[in-house]
Each structure stands twice: as structure tokens, then as C-alpha cells.
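Trainee: Please take me slowly through a single part of this structure, as I am seeing it for the first time. I would like to understand how that one part is packed.

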Amino acid sequence: MTDFRDAVGPYFGDFGGRFVPEALIAALDDLATAWDKLKDDPTFIERLAALHRDYTGRPSPITEVPRFAEHAGGVRVFLKREDLNHTGSHKINNVLGQALLTQQVGKTRVIAETGAGQHGVATATAAALFGLDCTIYMGEEDTRRQALNVARMRLLGAEVIPVTAGSRTLKDAINEAFRDWVANVETTNYVFGTAAGPHPFPALVRDLQKIIGEEAREQLSTRIGRLPDAVVACVGGGSNAIGIFTAFLDDAEVRLIGCEAAGDGVETGRHAATIGAGSPGVLHGAKTYLLQDEDGQTIESHSISAGLDYPGVGPEHSWLASIGRAEYRPVTDAEAMEAFRLLTRTEGIMPAIESAHALAGAITLGRELVAAGADPAETVLLVSLSGRGDKDVETAAEWFGLVDSSAASGEDEGGSTTA
Amino acid sequence: MTGSRTAATIDAARAEGRAALVVYLPVGYPDVDGSIAAARAAVEAGADIVELGLPYSDPGMDGAVNQEAMQAALAGGTRTADVLRAVREVAETGAPTLVMTYYNPVLRYGVDRFATDLVAAGGAGLITPDLIPDEAGEWIAAADAHDLDKVFLVAPSSTTERLHLTTAASRGFVYAASTMGVTGARASVGPRAEALVAATRAAGAERVCVGLGVSTGAQAAEVASYADGVIVGSALVRTLIRSDGDRDAALEDLRLLIGELAEGVRAGRLVR
């Protein structure tokens, strides 16, 4: 039997593939071939490892959070600290690898989509570092909500193009980035931000993010000499989740739990719980779970977390869900914000709202396990803290009513930059 | 198997020493009845083959004009069932009527069920811009079982191997995307289109039609000098986008443009 962690695509069970215009096939083939060669190339491996170490600051530590864990049934909770990476999230792991890959295939320009702006900022950062031209597509709606990140990208030298098509959010930014790529494929590489899209992106992004789980597995082993009982991560497209899951996929005793954004609650229809409440179909080049109506039109997602506000999900997650290797659970805005508050107040660590979904999932799971009879002192949860909360201060301040009316007056323009 | 009426129509045009004129219009723009009226007017004015677009929320291969029309069609409540009704009413003209659609709406409807209902409506087949033959097993099986055309696309970036694969999987014609890009009018059709048609023929294609970027009679004539069919889409859609909402005037503009394009595909033989 093939190991789960060796799955290479283009298919993950019934999911994945390349549902894209023929014009992109040559570029996807080139990318897949280049990555196949590069990923085992000692020079590349050394260059990427040096970047991780000297630029990003890897390995990111694991931190045990006992005061927070009291709220999770008193089990032991360890955080994998991707929030401490340069640029503030796991996104940098992917873009550094893809920037090296871009150089390798002889291209001079990168494009990317972004929702909240985290992947856009990471891509613009890598472009600045490597001297690549950079264009970021961002839904017009999101450029207003995340004006500060637009400014960050522009400071880094990227061109930010607001997308006015469709719902003017992440999914439309992806459509527009693919349109750019078709027209400019000879000079341009598309640095896809998550482990979704057509082959080879799901496998490529997974390969570049799996360092999260590989490090954490070794760090836990050194620290406590055993595997965790469960690994918990938030899932939008699913790159930090697949990144931390991969090292544990073949350890059947380790539960893998993906937390999807349930927005106002799955029952309200205003959510982004793609696996939990969606159905299989094709979106953005892959067969996968998505939110769609009965005619197959994509339904807009909703979440307080821009990074999870996506109506699709990576095909490998769809597969892991369908075979039962990973579980996917809904976490509402309210549950995530409560976890955000808890970690901040009990540990002095302010998580990204995306990551707060995983923290909320850990609280629920810890309590469940203890209620079912587990010994809290012998129960270990590993949580992917995929990003830091600096970017979310404004949203959180508003949620908790911490902004006085004069300071909040600029919020519609995203102009009250408190960070 | 009765064979492809689309192919027969292209062959009949060829016998007249010209290329076929293939027109694209999205169903539901300006509304369903309006799009049916436009497609029927296009046939009366000289279109040989009709592609009816199934509006989709994420049309990754379309430029701004078609995106806008599809978005308006969806906002107006256009459903997959409306597309099948449009096929029925347009196919009554006698012109082979294909549906151009992204894959997910067909997958959601049920691939075999879609094929069954398309045949019942008198439709000729599907053009699938985001479905390559490699991924199309289910659709190919349904199309073959129901005697429908399978129009796949080739692009300037297609390798010789892929031109063979795509040609072998296609029925009706092979759709050659003239440039590396999305739908929409362009100043010139691009030098790569002619070479792509030649390469696709060399890969075994009997009928190759060229689309993307054709908007004028002169461009139609140029393309007609080397291709079996000339596909025009967003330039026609643009005639329907009117701020004053005057549908009669829009249809008149559409007829005029079709007339110009029909002359173009006939002028093309002089170049040949």
C-alpha cells in the first residue's frame, strides 16, 4: 500500500486533476516537471534550507500553553509557532520555494491572488528578495477591507490590481490571476497561495508546507518523546493544515482535525464550511468539495476570517475527508473570536483569526476527550498557529467593542490603521 | 450514429468555397427570451453555427465583456434549464446549436442527464473551455452514447502530442484559440493562429475553427483564408450591451455586424 504522505497528484482519490483551459496545460506540465526535478536537487534543498534558517527564522518553535489549555479540559496543548515567521504566517514557506522555482524555470515575473493580503504580502516579499516583477490580484472588496496590506505590498514593490469582477473577493482574484497567467505564461509564474487549484499546485504547495509538520513531529518527540493524540489546524484552501498533517498521515493513531470557518453558523447559510456543508464539483481547476447551488454556480462564502473565506478547498483535504483519515469540523465566528481572546489573555500570544479557528477546535476536542475518559495529563494536542494577529487588531477591536467612536470612524475605508 | 450536423454544415460552407461563421451568445443576456431572439436573428443574418453560452459564476477563460453578460444573466435568474429551452428554440432555425459551458454546471446537472436533455432539445453538442480530453472521460462516454459533438480546444502552447490527443477526442470541429489569452476583441487576431491551424490539421483534424479576438469583417476574412470556421463572440455580445435598453436597435446592430462577418467569411476565399 502506498503511504499517504507520498501521494503526488494529479489525483487524490477521486479529487484533484486539471480542469483548466488547454492554454495552461503546457505551463502546468513545465511546472510539474521542474518541481519533480528540483525537489530532490541538493543545491535547491540547501538554498531553501538556508532561506528558512537565515531569512524566515526557522525552525519555528513549539510552545506549550498550559493556561490556555485549562480551557481545553486541562489536556496538554502545544502550538506550532508559524506566527513567528518573517511576514507573520506560514505563507512564507510556500512563496520562498516557489520563487526559487520561478528562477529555475527562467521566468522573471510572479503573479498571485490574495484574500486578506497575507499571501500577497508574502509573495511581494519573496519578489523583492529575488528581484522579480510582481503583480497581486485582490478583490476590490478585500482591498478596501485590508487597505494596510495593500500598502504593504506596494511598499514592497508589487503592483496590486483590484478585481472588480464577480463578487470582488478571493475567488474572483483567482480567476483574474489565471487570466493573466494564460496571457503572460512565457514570462510569468503563478505563485498559487494554497494547496488547491490544478495539479501540480496542491502537491507543490503541500511539499513546501510539510516542513511545518516535520519540524513539529521532531520537536514534540524531543520534548515529550511521543506523538500527539491529535493535530488541529484551520482549513480555508488548506495549506497550513496539509503542511502540519503530512508528517502524521501515516501514523494512524494520530487524529487529524481540520477546522473550517462556519461563519454565522452552518445552518444560516453564511459560512465557509466547504467540506462540512458543500458537495463535490469542479472549481479553480480541481475536482474538490465546494459551496455550490443546484446549478453548479459557486456560492459566496462568509467568515470573519478573510483567510478562510473561500468556497473551495484543496483536493487532498477532500480526499482525506472522503476516506475518513482526517475529520473536518465547523467553527463559528463567535467560537473563533472567543479562542482568539483566550489565547491572547492567558498566554500573551495574539493569533491570526484564521488560527483562532484551530484553537477553538482544540478547546472543543480537549473537553470531548476528557469527557470521554481520557487522562488530561496524558493527552496531547498539537495546534497549528498558522499566523499572528497583528493584521486582525482592527477586526478584533470592533468585535469586542474596544474602539471608541471617533477612532472607529475611518473603518469603512480601512483607514484607521492602528497596527 | 447519424454523424455530426456541425461537421456537415462546415463541409457545406467549404463546398461553397468559404469558411463557416460560428457565433457565440450567452443565454440570459439581456434576458433568456432576449438571448434567444438574438441567436435567431444571428442565424437569419447569416450565422451558420450557434454556440449558446451557459452562464457561470467563475468564467476563467472569458474577458470582461462576456463576464459582464454572464454575471447579468445569473443575476437575472438564468438557470441551466433555461439554457436547454434556448437550445430548443434556436435549433428550430436549423442551424447546428452547441452549448459552450464550463464543466461544473454540467457535472452538477449530471453529465449523462445533460447529454440526454441536450439531445432532446435538438442540441448538437458541447464546447468545453475548461475541460481537456484527459479529464473528460465521463463526458466523452456520454457524448458518444448520445451522438453529440465534442468540441475541445487547442492553443498556441499545445504540444504536437496534445494536438493529436485533442484532435482524436474531438467531433464536429477543433476549436483553435488564436492567442494565449481570454475572450475579447483584439486589434489583430495574432500571427500564431494560422500556424496553429496548420499544426492541428497536421495532427489529423479535418475541421478547425478559430476563435478569440475576431470582431470585424476584415478579421473574419483573414481567418477565413486559412480556417474552416470563424468564431465570433464578445463582439456580438457588445452589440447587445446598451445603456438605453433599446432591444430593437441592439438586434439591428447585431444583424449588421453578422452581415459584415458573413461577407468576411466569403471574402476569405479570395485570399485563399
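Mentor: Let us begin with how axes are drawn: an axis is a line fitted to C-alpha atoms, for helices over the stretch in contact, and an angle runs from 0 to 180 degrees between N-to-C directions. Helices (H or I, at least four residues) and strands (E, at least two) are DSSP runs, numbered from the N terminus. What you see is a predicted model, in which local features need pLDDT of at least 70 and side-chain atom pairs count only at pLDDT 80 or more, while totals for chains, interfaces and linings use all residues. Residues are numbered from 1 along each chain as its sequence is written, chains are lettered from A and ligands numbered from 1 in the order in which they are written, and side-chain values use heavy atoms, with hydrogens and water left out.

The part to look at is helix H9 of chain A, residues 201-209, and we can start with its packing against helix H1 of chain A, residues 25-38. The axes of H1(A) and H9(A) cross at roughly 30° and come within 10 Å. That angle makes H1(A) roughly parallel to H9(A) (under 35 degrees is roughly parallel, over 145 roughly antiparallel, 65 to 115 roughly perpendicular, and the rest oblique). The crossing of H1(A) and H9(A) is left-handed, a word used if the near helix is turned anticlockwise from the far one by less than a right angle, with right-handed used if clockwise. Where the two helices are in contact (heavy atoms within 4.5 Å), H1(A) brings A:Leu28, A:Leu31 and A:Trp35, and H9(A) brings A:Phe201, A:Leu204, A:Asp207 and A:Leu208. Sorted by class, this contact of H1(A) with H9(A) holds six nonpolar, no polar and one charged residues (Ala, Val, Leu, Ile, Met, Phe, Trp, Tyr, Cys and Pro count as nonpolar, Asp, Glu, Lys and Arg as charged, and the others, Gly among them, as polar).

H9(A) also packs with helix H4 of chain A, residues 91-104, at an angle of about 115° and with the axes 8 Å apart. At that angle, H4(A) is roughly perpendicular to H9(A), and the crossing of H4(A) and H9(A) is right-handed. From H4(A), the residues A:Lys91, A:Asn93, A:Asn94, A:Gly97, A:Gln98 and A:Leu101 meet A:Phe201, A:Leu204, A:Val205, A:Leu208 and A:Gln209 of H9(A). This contact of H4(A) with H9(A) comprises five nonpolar, five polar and one charged residues.

A:Lys91 counts as buried because its relative accessibility is 17% (buried is under 20% relative accessible area, exposed over 50%, and partly exposed in between, with a 1.4 Å probe and protein chains only). Leaving out residues up to four places away in sequence, A:Lys91 touches A:Gln118, A:His119, A:Ala122, A:Gly193, A:Gln209 and A:Ser239.
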